[in-house]
Amino acid sequence: MRFRSFQTRIVVVFLGLLTAVQAAGFFAVSAAMTKNARARITDELAVGGNVFTRLIRARTEHLAQAARLLSGDFAFKAAASSDDRETVLSVLENHQARIGADVMMLASLNRTLMADTLRRGGPAAALFPFPDLVAHAEQAGEASAIATIDGHAYQIVAVPLLAPLPIAWICVGFVIDDRVARDLQSLTLLQVSFLRAGEGGWRSLASTLQGAMREALLRGLPAPTAATNTSRSVRIGAEEYMTLVTSLGDTSDGAIVAVLQRSLDAALEPARRLQVALLAISAGGLLVSVTGGVVIARRVTKPVRDLVESARRIERGDYEQSVRVTQQDEIGELAATFNHMAKGLAERDRVRAELERVGRLKRFFSPQLAELLVSAGDEAVLASHRREITVVFCDLRGFAAFAETAEPEEVMGVLREYHEAVGPEIFRFEGTLERFTGDGLMVFFNDPVPCADPAARAVRMADRMRHNVGELIETWQRRGHTLGFGVGIAMGYATLGRIGFEGRFDYAAIGTVTNLSARLCSEAQSGQILVSQRVYTDVQDLAEAEPAGSLTLKGFVKPVPAFNVLRVTERVTP
Amino acid sequence: MLESFAASRCRLCLVLVLSGCVLSAVAFASRAPAGTLDAVVKDAEGRPVPDAVVYATEASRTAATKPAGAVIDQQDKEFVPRVKPIQVGTDVLFPNKDNIRHHVYSFSPAKKFELPLYKGVPAAPVRFDRPGVVVLGCNIHDWMLGYVYVLETPYFATTGSDGNAELNDLPAGAYEVRVWQPRMRETGEPPSQRVTVTGSKAGRVEFLIALKPEFRLRRAPIGAGDRYR
């Protein structure tokens with residue numbers, strides 16, 4: 001159906017646009033959020049890296065301070081300078097406990113290991129395991145480094161034992177284990193791992209990562225040599241981490257690095273939630289727009305459908321309906337115009353019908369009468385009825401002889417002139433033209449529209465006709481035709497009504513009065529208007545008439561008195 | 001800690017003619033002439049070296065005289081003199097000339113002792129009866145540093161800031177002259193030279209020694225940061 005598809009089209013277009021806009025917005029926002037999150041994490045990682053470096057340095061400094069304080073302890077100096085190895089060891093252990101270190105060693109100026117709290121036994125003249133540290137300390141006064149002992153990483157500091165000149169080197173160390181990593185994590189909010197680059201890849205020293213993630217990190221981290229200061233994304237297990245690798249130092253076992261990480265997935269979590277929310281909103285919006293679209297489409301197409309329906313009815317000829325549309329917009333305007341058009345069509349139809357009727361009536365009646373009849377709107381007036389009417393018959397004297405001898409064109413011309421002369425008078429006096437046959441005319445008054453003075457009208461009309469035709473007679477005479485005009489007027493009851501058959505109806509008067517009028521006309525000489533007694537009685541005041549005797553007329557038993565109207569004295573222009 | 005006397009051997013050319021008068025200051029010495037020995041100590045760049053102990057050991061015999069007492073002051077929170085050579089068996093007094101107490105100590109193997117916080121003059125002196133270097137410190141003033149060089153021979157002198165030292169009243173004879181300075185690089189034997197002292201002319205020895213960088217703590221009070229050096 002046309003409308004259904006139009007409706008669907010609206011919905012589809014509407015929806016399509018909305019989907020496109022929402023999808024575009026959704027993807028743009030998603031992409032921006034992800035990019036933003038990554039940038040943010042990279043920054044956080046850089047900051048975290050700085051914090052971490054500072055923390056390591058702070059720890060080293062703290063270690064060094066503790067060691068320095070220790071080295072000033074007089075009793076310690078005294079114990080250390082005694083050659084009693086056991087005493088030295090127990091003093092070391094005591095002081096290690098004081099500062100909470102994990103290892104304390106004493107190295108002689110000859111780089112021999114005098115005491116070691118980790119490995120309490122051992123050969124007497126073993127070499128100090130970190131000669132480079134001591135060498136550096138001799139240069140700079142003290143030194144710190146990261147070193148591995150038994151596979152564990154330690155931050156160690158070497159300070160001189162002064163008595164008052166350096167008599168030995170005190171090395172204090174803190175182990176780097178998971179606790180340290182967790183501590184650093186709590187401050188930097190990053191995953192912290194300490195790794196050693198051994199042959200065959202990374203070894204884990206300490207980490208905040210749990211279980212399988214540790215192993216995954218060892219596998220996932222790129223080669224030990226590529227330790228740069230830029231963060232990059234590393235896949236560990238199923239998660240993605242932004243990773244920063246910081247070098248802490250070289251030991252005999254390999255380089256030691258700190259790996260700082262931030263879970264990209266965790267950091268993108270709020271962004272993901274936002275995405276989901278956006279998706280939900282988009283979906284909701286879409287749903288609302290589907291409903292809205294359908295509703296609007298209906299609202300738009302319904303009036304159109306109504307209009308189409310109306311148009312169809314008008315097509316069929318049913319003008320009497322209107323489209324009920326109450327909108328104030330363009331559609332409403334269209335409907336209003338449509339209604340006007342329908343009304344206009346209906347009006348035109350009605351007028352046409354009326355004109356038809358008028359046209360029909362105008363055949364018999366003067367235009368005024370016809371209008372009157374149509375406006376009265378009652379065609380029952382044409383039904384059979386009885387009324388007293390005044391009938392006027394008139395014709396041309398000598399017409400038959402003329403028609404016989406003259407050319408048809410001449411005859412038609414004469415008739416035309418004759419009709420042009422008498423016709424208007426009929427209308428003027430509002431008579432009803434019953435028929436005209438050639439030169440003969442029958443007009444009656446007081447029907448169908450009653451009038452007050454039918455006789456007077458008839459007589460005045462006849463008089464004028466005589467006058468008009470009289471002028472013509474002279475003309476015709478000059479042309480060589482001898483014609484005269486005679487009128488007969490009678491008054492009486494007749495039966496009037498429509499006669500004929502479907503397709504051709506006529507309005508006729510049947511009665512004695514018509515006969516009388518016709519006979520009087522035939523009796524009239526040229527220029528005579530013969531009226532019946534009755535008529536004469538009615539027009540005595542306005543017409544000058546002479547008696548014309550009692551005439552014996554065919555069809556009448558008794559002779560009929562007639563009068564000839566000479567002139568009409570009172571001329572009233574109706 | 002024992003300072004080993006390893007020193008690099010350096011050969012010098014002897015340009016001196018010893019002449020001098022022999023001094024008979026020593027009681028046991030029955031020699032009539034007593035000589036003087038002038039010593040000059042310079043470092044590798046030719047600069048004079050102060051606080052260097054030049055000592056002469058008699059080749060033939062060691063003197064057996066009871067040494068007199070020695071004094072090492074504590075003045076203005078420093079040991080005065082900074083380097084004090086003494087003979088084995090000397091009693092050394094450590095008077096405290098400051099108005100604050102000091103706690104003198106040493107952990108050197110040659111003499112381990114301490115004088116806990118005291119003012120004025122301690123009751124008893126400290127006898128140094130073993131040869132060697134004794135490094136003195138003060139427990140409450142980390143920068144206070146002093147050296148006592150315990151020698152077996154009574155013939156020694158310390159160079160001044162000009163790097164010169166004069167050994168007087170040396171009985172004539174042959175001597176091994178050596179030098180020791182706290183900052184001296186010790187590799188092998190300490191440098192020694194043979195000198196014969198006569199009564200007529202003063203002998204002269206010159207030593208060129210290599211020095212280690214000085215290790216001195218900054219005097220307190222100082223700003224923040226307890227840095228050595």
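The dialogue below goes through a predicted model of chains A and B, feature by feature.

User: What should I know about the numbering and the model before I start?

Analyst: Residues are numbered from 1 along each chain as its sequence is written, and chains are lettered from A and ligands numbered from 1 in the order in which they are written. This is a predicted model, where local features need pLDDT of at least 70, side-chain atom pairs count only at pLDDT 80 or more, and totals for chains, interfaces and linings use all residues; side-chain values use heavy atoms, with hydrogens and water left out.

User: How many residues of chain B are in contact with chain A, and what area do the two chains bury?

Analyst: The size of an interface is often given as the accessible area lost when the parts come together. Here buried area is the accessible area (1.4 Å probe) that two parts lose on being put together, summed over both. Chain B and chain A bury about 1,700 Å² between them, with 65% of it on carbon and sulfur atoms. In terms of contact (heavy atoms within 4.5 Å), 20 residues of chain B meet 17 residues of chain A.

User: How many salt bridges and polar contacts cross that interface?

Analyst: A salt bridge is a side-chain nitrogen of Lys or Arg within 4 Å of a carboxyl oxygen of Asp or Glu. By that rule the interface of chain B and chain A has zero salt bridges. A polar contact is a pair of N or O atoms within 3.5 Å; within protein, one must be able to donate a hydrogen and the other to accept it, and residues adjacent in sequence count only if both atoms are side-chain atoms. One residue pair across the interface of chain B and chain A is in polar contact, both at pLDDT 80 or more. On the side of chain B that touches chain A, the elements giving two or more residues are β8 (102–108), β9 (111–118), β11 (132–138) and β12 (145–151) of chain B. The residues of that side divide into eleven nonpolar (Ala, Val, Leu, Ile, Met, Phe, Trp, Tyr, Cys and Pro), six charged (Asp, Glu, Lys and Arg) and three polar (the others, Gly among them).

User: Which strands does β11(B) pair with?

Analyst: Helices (H or I, at least four residues) and strands (E, at least two) are DSSP runs, numbered from the N terminus. Two strands pair if DSSP finds at least two bridges between them. β11(B) pairs with β8(B) in the antiparallel sense over two bridges, and B:Y105 stands opposite B:G137 in β11(B). β11(B) also pairs with β12(B), again antiparallel, over six bridges; there B:V135 stands opposite B:Y147. β11(B) and β12(B) form a hairpin with six residues between them.

User: Why is β11(B) described as largely enclosed?

Analyst: Buried means under 20% relative accessible area, exposed over 50%, and partly exposed in between (1.4 Å probe, protein chains only). Seven of the seven residues of β11(B) are buried, so the strand is largely enclosed by the rest of the structure. Strand β2 (residues 53–58) of chain B is mostly covered, with five of its six residues buried. β2(B) has three antiparallel bridges to strand β13 (residues 156–158) of chain B, where B:V54 is partnered by B:A157. With strand β15 (residues 173–180) of chain B, β2(B) pairs antiparallel over six bridges, and B:A56 has B:V177 as its partner.

User: Is B:H103 buried or exposed, and which residues does it touch?

Analyst: B:H103, in strand β8 of chain B, is buried at a relative accessible area of 10%. The side chain of B:H103 makes a polar contact with that of B:E114 (2.6 Å). Not counting residues up to four places away in sequence, B:H103 touches several residues, including A:F74, B:L115 and B:C138.

User: What does helix α2 of chain A look like around A:F74?

Analyst: An α-helix has 3.6 residues a turn, so residues three or four places apart point the same way. Helix α2 (residues 74–81) of chain A is mostly covered, with six of its eight residues buried; among them are A:F74, A:F76 and A:K77. At the start of α2(A), a side-chain oxygen of A:D73 reaches to within 3.4 Å of the backbone nitrogen of A:A75. A:A79, also in α2 of chain A, is buried with a relative accessible area of 12%. A:A79 touches A:T87, A:V88 and A:V91, not counting residues up to four places away in sequence.
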